[in-house]
Every structure is written in C-alpha cells, then in structure tokens.
Amino acid sequence: MSFKKLITKRVEFAASHRYWNSELSEKENFDLFGKSSNESGHGHNFTLEVTVTGDIDSKTGMIINLFDLKKITNEVLAEFDHKNLNKDTTYFKDEIPTPENICKVLWNLLDQKISQNKKCTLYKVRLYETEDLYVDYWRD
Ligand code: NI
C-alpha cells in the first residue's frame, strides 16, 4: 500500500482586478461581467494554498523545508501583492484576471521554482477569492 504525502502552506495577498475582454464592446463586457467591468476595478484579499507532494526525507522528517516553501511562495507573490493585476503585471494582457486564470498563472510560476527542488513536486494550488469561493488547479 502506498500513501500520498502532502504539505500545504497558506498565504494571503491583496490585489485588484477588472474583468474586461478587449475583443468585446463596452455593452458586451458589462452584460457579461456587470460591475466587475468598472474601469477602476475592485480588490480582494486572496488566500493562496500551495500543496507540495514528495517523500518524507528521513534525515529532516520533511517533504520540503517550510522555510524554502515560504520563500518560494513569497517570491512569486511579490509580483501580485498590492498590485492591480491588469495594469501592474504582465500576465493578464490577453487573459482576464479571474480566479481561474490567476490560479493558473500562480501554478506555472510556483511549479517552475518548486521543480528545481528535485525531491518534491507541486501537487495543487488553491486560490480563494473570498471565503466561499475558491479555484483548484493541478496536473491531471
Ligand atoms: Ni473580483
């Protein structure tokens, strides 16, 4: 019998976004997205959960050192925290910064960094936009 071993780090960050598809008219945008299309955007306190899997190292008793996971997560989030995701980052020029798309972008950035650690891999990224709404992203 084999067991899945997971460890999750939860962090918060604040960011604002606007839902706007430049291929659509103003009316089509507002019909689709309502007040989320307002030009000034709006903000959220997002919660990100980063789950890593791997074997428990017999020397340290850890899948990944939490200091390392925290450092990686903070490095990635530095580009997003207290930013306007549409204007202050380069990731949402062609995609709307919905929680689905933010979660995908964060997965890619986290996966790049965590994959440099040969002993563990990124398993799941969960992004809460609000307490009662979250998105999961993982390799299927
Ligand atoms: Ni929003």
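Here is a short tour of a helix and a metal site in this predicted model.

**Stop 1: helix α2.** Select residues 66-77 and you've got helix α2, which has 12 residues. From its first C-alpha to its last it reaches 16 Å, close to the 16 Å expected at 1.5 Å a residue.

**Stop 2: the start of the helix.** Now pick Asn65 and Phe67. Asn65 caps the N-terminal end of α2, with a side-chain oxygen 2.8 Å from the backbone nitrogen of Phe67.

**Stop 3: the two faces.** Which residues of α2 are buried? Show the side chains of Leu69, Ile72, Thr73, Val76 and Leu77: those are the ones. They cover an arc of only 125 degrees around the axis, so they end up on the same side of α2.

Stop 4: What lies over the buried residues of α2? Colour β1 (6-17), β2 (42-54) and α3 (99-114), which are included in what covers them.

**Stop 5: the nickel ion.** Click on the nickel ion, then select His17, His42 and His44. Each coordinates the metal through its NE2 atom, at 2.0 to 2.1 Å. Along the sequence, these donors are spaced H-x24-H-x1-H. His17 lies in strand β1 and His42 in strand β2, so this pair ties together parts that are 25 residues apart in sequence.

Conventions. Residues are numbered from 1 along each chain as its sequence is written. This is a predicted model: local features need pLDDT of at least 70, side-chain atom pairs count only at pLDDT 80 or more; totals for chains, interfaces and linings use all residues. Side-chain values use heavy atoms; hydrogens and water are left out. Helices (H or I, at least four residues) and strands (E, at least two) are DSSP runs, numbered from the N terminus. The expected span of a helix is 1.5 Å times one less than its number of residues. Buried means under 20% relative accessible area, exposed over 50%, partly exposed in between (1.4 Å probe, protein chains only). The arc is that of the directions from the helix axis to the C-beta atoms. Contact means heavy atoms within 4.5 Å. A polar contact is a pair of N or O atoms within 3.5 Å; within protein, one must be able to donate a hydrogen and the other to accept it, and residues adjacent in sequence count only if both atoms are side-chain atoms. Donors are N, O and S atoms within 2.8 Å of the metal (3.2 Å for Na, K and Ca); water is not among the atoms, so sites may look incomplete.
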